[in-house]
Amino acid sequence: MTERVLVLPRPKVPGGCDFRGIRTADDVALQQLRTAVARHGRYLDRPIAEADPTHKQLIPYVVVRDGDAVFLMHRTDAGGDARLHGKASIGVGGHLNPVDQGEDALMAGLRREWSEELRADWEPVFRLVGLVNDDGNPVGAVHLAVVFEVVGGGRCRGV
């Protein structure tokens with residue numbers, strides 16, 4: 001069965017995709033993005049989406065911070081995307097799938113990714129940091145990261 005991922009047509013991304021790096025965003029920008037997803041988001045087979053730069057796959061991504069410490073994860077070869085095997089990541093995230101559809105697919109997918117990737121005995125408060133875009137490479141040309149921060153408040157510990 002082919003994975004289906006949520007995409008937005010480039011022209012429907014609020015504020016556009018004509019930047020490289022991070023563009024900070026606030027609650028207004030988050031609401032605009034959520035509205036765009038509800039109105040214009042659709043699911044494509046992942047192989048098609050990975051080769052179609054006329055759309056952006058939205059990737060909710062969470063960075064966990066606790067004081068001066070930032071969560072760092074070393075990716076194993078068990079993940080589904082071989083391009084990420086052996087790499088380090090300062091957060092967790094992933095594609096939005098049909099299981100996330102509903103009134104707010106972006107936030108549903110964000111919460112799903114959090115629960116799949118991390119174990120925490122506390123409820124996170126997600127704060128939007130911004131969007132990350134990099135059309136300078138084939139992976140970045142078809143993805144748009146929606147970056148959130150969660151502050152652990154002394155509740156994070158190593159394993």
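With which residue does arginine 4 form a salt bridge? In this predicted model, the partner is aspartate 45, and the closest N and O atoms of the two residues are 2.8 Å apart. The pair connects distant parts of the chain, since arginine 4 belongs to strand S1 and aspartate 45 to strand S3 (residues 42–45), 41 residues apart. Arginine 4 is partly exposed, at 35% relative accessibility, and aspartate 45 is also classed as partly exposed, at 27%.

Side chains of opposite charge can pair when their charged atoms come close. The structure contains 12 salt bridges. One of them joins glutamate 3 to arginine 46, with 2.9 Å between the closest N and O atoms. This pair likewise links distant parts of the chain: glutamate 3 lies in the segment before strand S1 (4–9), and arginine 46 in helix H2 (residues 46–50), 43 residues apart. Glutamate 3 has a relative accessible area of 31% and is partly exposed. Arginine 46 has a relative accessibility of 17% and therefore counts as buried, the limit for this class being under 20%.

A further salt bridge is formed by aspartate 100 and arginine 112, at 2.7 Å from N to O. Aspartate 100 is located in the loop between strand S8 (91–93) and helix H3 (105–117), whereas arginine 112 is part of helix H3. Both residues are buried. Through shared partners, salt bridges unite Asp100, Arg112, Glu113 and Glu116 in one network.

Valine 70 lies in strand S5 (residues 69–70) and is partly exposed, with a relative accessible area of 43%.

Key:
Residues are numbered from 1 along each chain as its sequence is written. This is a predicted model: local features need pLDDT of at least 70, side-chain atom pairs count only at pLDDT 80 or more; totals for chains, interfaces and linings use all residues. Side-chain values use heavy atoms; hydrogens and water are left out. Helices (H or I, at least four residues) and strands (E, at least two) are DSSP runs, numbered from the N terminus. Buried means under 20% relative accessible area, exposed over 50%, partly exposed in between (1.4 Å probe, protein chains only). A salt bridge is a side-chain nitrogen of Lys or Arg within 4 Å of a carboxyl oxygen of Asp or Glu.
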